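Please consider the structure shown below together with its sequence. The paragraphs that follow it are intended for a reader who meets this structure for the first time.

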Amino acid sequence: MEPRESASRPSNGRLLRFGSRKAPLMTEQAQQDERLYAMRHSTAHIMAEAVLELVPGAKLAIGPPIEHGFYYDFELPESLTKEDLAKIDRRMRRTIKRNYAFEHSEISKEEARKMFADQAYKLELIDGIEDDKVSLYTHNKFVDLCEGPHVERTGKVGAFKLTNIAGAYWRGDENNTMLQRIYGALFETQEELDAHLERVEDARRRDHRRLGRELELFTTHEDIGAGLPLWLPKGATVRRKLEEFITGLEREAGYQHVYSPHLGKRELYERSGHWDHFKDDMFPPMELEHEQMVLRPMNCPHHILIYASKLHSYRELPIRLAELGTMYRWERSGVVGGLSRVRAMTLNDAHIFCAPEQVKEEFSGVMQLVERAYDILGITEYSYQLSLRDPDDKEKYAGNDEMWDVAEDTLRGAMDDIGLPYTEVAGEAAFYGPKLDIQFAGLMGREETYSTVQIDFHLPRQFDLSYIGEDGAEHRPVIIHRGVISTMERMMAYLIELYGGAFPLWLAPVQAVVIPIADRHNDYARRVVDDLRAEDLRVELDDRGERMQAKIRDAQMQKVPYMLVVGDKEEEANAVAVRQRSGDDLGALPLFQVIDRLKDEITTAMSSD
RNA sequence: GCCAGCGUAGCUCAGUGGUAGAGCAGUCGAUUCGUAAUCGACAGGUCAAGAGUUCGAGUCUCUUCGCUGGCUCCA
């Protein structure tokens, strides 16, 4: 087993760091819980022992504790099945029942190499240890290379469940062997484990792919292809509201909106550097009469040429060009899915062309826009990541060292000025510049970039952009690339899951359903619908020959915010009986009052303070 | 792309190598009802696609496409 530093903390140099950087590592809080950590770690050992018993030829790789449990990687002659999981589980419980002690020992690397002679991965781990001695933990007859700590006895590991089998590359490198990974969930008590499994089940119910189908928001068809979703009328309505919302905020913030085509000549992308640095992420070129066209993977070259279409004075700057820009990226088949990872996407994109001395202020303005948008959307859980160049792989990036140093320092300085906390991650920059990425954790804990702000000194030079300064001479502008609410696809996926499909009134595809109790109320119900629609509210009439209860149930399942029931009493009083999605019954209210109430609710939601 | 699993009606799922099934949704009819499912009838299928094994394939094998969980990679 690999030493604990590797699983929970950044490498401190003494020991090698294993596994993927993006693996679900333990949170700070979980790290502090030494006991839980030891339980999860110990159970990984117990699982490895069970696998070794069942499959004598098994090669053990690593098995760290992770956020909700643990995993262990193996190289096995045959693929594991669900039935194997049950067998492994039984053996583990036997070991736990027998209550063996975990014993610590240290031996020389030489001895360790002999002991693990038939365990190639362990030998590789031993080679990576700088110390002369290696640390071992033993329970029953199972010995593993490991720094600990562990619980005292196998009987003290808490409540666990083996959850799934997955493939994982040795040391997280796709050039290495694909190993088989078994994941387990583990908590101190059965109650906590059950609560965790219930949370996982709840996440499954909120999964945007499931809700997308149930609420008729989007669909896919295999003849169109993976990662190319179709937006159904209701999903399209939510998207349009989102688009109106963000473009409105942008207009207020001084952006000008443009349109540009979804493709361009190959030469354009050679000039921008995409061809050299981003080709693997692009759809291959289309051969035409005497040229090649490519679907754009980013919008920046088009916006740059809009800027370059005329001469600019310093007095015009900053120029903020925005577009809901649709672009196409060749995502590898194994990664596409739902709306969160697609091959055709529309980004809430903009490029700010400004003088170098304006960068900090513009950056700060973008961050304010981000916070305002998040506030209205109800987004509260995110973190800032400064995505820098990988200093060991400069080939991946365009431009020179000086340019990168300036860009990175500017970005870092701008963040420090604002005073927001952030983490720095090398190797995550765009090929043309460093990024400030805003990361959201999805329901399953997977982290993805949503908003991004990038400072770019490279493309202005590639396209020889300029503005005439106060001194009458040509100067080079800086480009700030920014996406505030990400792509419509990814934000939609996030919002569906955030709200569990129950969109706030202003975003709800259907804001109210009018439910006549009997057929004789249909005429009045239609008048109610007309009146509400005249006020720009999205209202539908449910005049099916169903009972009122069934109509209410269907509206509840579609998560419609308001159900307006009309019967004899309401018709008499020019009123509607208002039921909310929460189940609250507001009783009969005059129609004009309901209209005011709904419009108020929308206005309130859309004002950020 | 890689490892594994899966693909049967719009959806959720049954289906020993021997005639393709249910519930919900849909359509039609009846019911006209006061805050989460009224009753009945009907209709619905190249069993993802293609090839192979077999007297016979939804079922076994291979290929492709798609989906799911991971890994790697990214908005």
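The model is a predicted one, and its confidence values deserve attention at the outset. For the complex, the predictor reports an ipTM of 0.94 and a pTM of 0.92. The average pLDDT of chain A is 90, and 94% of the residues score at least 70. Residues 1–26 form a stretch in which pLDDT stays under 50; for this stretch the model has 52 contacts beyond four places in sequence.

Chain A comprises 609 residues, of which 37% count as buried. Its secondary structure consists of 20 helices and 28 strands. Taken along the principal axes, the C-alpha atoms of chain A fill a box of roughly 85 × 75 × 50 Å. Among the contacts in chain A with a separation of 6 or more, 69% are accounted for by residues 24 or more positions apart. The domain assignment divides chain A into domain 1 (4–206), domain 2 (235–499) and domain 3 (512–606). Between the C-alpha centres of domain 2 and domain 3 there is a distance of 43 Å.

The next part of the account concerns a sheet. This open sheet has five strands in the order β25-β24-β26-β27-β28, and its pairing is mixed. At its edges stand β25 (539–541) and β28 (585–590), each of which pairs on one side only. On average, and with direction ignored, neighbouring strands of this sheet are turned by 25 degrees against each other.

Within this sheet, how is strand β26 paired with β24, parallel or antiparallel? Strand β24 (residues 512–516) and β26 pair in the parallel sense, over five bridges. With strand β27 (residues 575–580), by contrast, β26 runs antiparallel, and four bridges join the two strands. Here Val565 stands opposite Ala577 in β27.

Why is β26 described as largely enclosed by the rest of the structure? The description applies because five of the five residues of this strand (residues 562–566) are buried. In a regular strand the side chains alternate between the two faces of the sheet. In β26, Tyr562, Leu564 and Val566 lie on one side and Met563 and Val565 on the other, and all of them are buried, so that both faces are covered. A helix also belongs to this picture: α20 (residues 591–606) lies across β26, β27 and β28. The direction of α20 is at about 120 degrees to that of β28.

Attention now turns to the backbone. Most residues other than glycine have a negative phi, and most peptide bonds are trans. Where does the chain contain a cis peptide bond? Such a bond joins Leu317 and Pro318, with omega at about -5 degrees. Pro318 is found in the loop between α12 (300–307) and β15 (319–328).

Two residues other than glycine have a positive phi: Asp464, with a value near 50 degrees, and Ser486, with a value of about 65 degrees. Asp464 is found in the loop between α15 (458–462) and β21 (467–468). Ser486, on the other hand, lies in strand β23 (residues 478–487). Are these residues buried or exposed? Asp464 counts as exposed because 10 other C-beta atoms lie within 10 Å, and the cut-off for exposed is 12 or fewer. Ser486 counts as buried because 24 other C-beta atoms lie within 10 Å, where the cut-off is 20 or more.

Along the chain, Cys146 and Ser135 are 11 residues apart, and their C-alpha atoms are separated by 5.6 Å.

Terms used
Residues numbered from 1 in each chain as written. Chains lettered and ligands numbered in written order. Predicted model: local features only at pLDDT ≥ 70, side-chain atom pairs only at ≥ 80, totals over all residues. Domains from an automatic or database assignment. Contact = placed C-beta atoms within 7 Å. Pairing = 2+ DSSP bridges. pLDDT = per-residue confidence, 0-100. Axes fitted to C-alpha atoms, helices over the stretch in contact; angles between N-to-C directions.
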